[in-house]
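Please look over the chain below before reading on.

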Amino acid sequence: MGLGNHEQILGHPIAGASWEGFVIESLSAAALYGSHLNFYRSAAGPKPIYS
C-alpha cells in the first residue's frame, strides 16, 4: 500500500470507510428496540438511512 507514516494511513480512503463502518455499527447497537437501519447506494457510495 506504500504507507510510510501515520498521516498517510489516515489519509488513505480505506481509513474513512473503516471509520464510517464503525460509526454505523455503533449507532445501530445504540438504537432503540424496533428501530430500522437501511442503506442506499449513490454514485458517491453507500448512505445510511435511519428511521
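1. Where in the chain is confidence lowest, and where is it highest? This is a predicted model, in which local features need pLDDT of at least 70, side-chain atom pairs count only at pLDDT 80 or more, and totals for chains, interfaces and linings use all residues. Here pLDDT is the predictor's confidence in each residue, from 0 to 100. Strand 2 (residues 45–50) is lowest, with a mean of 62, and helix 1 (residues 6–11) is highest, at 80. Over the chain the mean is 75, with 71% of residues at 70 or more. Where pLDDT is low, the coordinates should not be read in detail.

2. The chain has two helices and two strands, in the order α-α-β-β along the sequence. Both are DSSP runs numbered from the N terminus (helices: H or I, at least four residues; strands: E, at least two).

3. Of the 51 residues, 4% are buried (under 20% relative accessible area, 1.4 Å probe, protein chains only).

4. Ile-24 lies in helix 2 (residues 13–30). Ile-24 counts as buried because its relative accessibility is 16%. Its C-alpha atom is 9.2 Å from that of Leu-37, 13 residues apart along the chain. Residues are numbered from 1 along each chain as its sequence is written, and side-chain values use heavy atoms, leaving out hydrogens and water.

Conventions
Buried means under 20% relative accessible area, exposed over 50%, partly exposed in between (1.4 Å probe, protein chains only).
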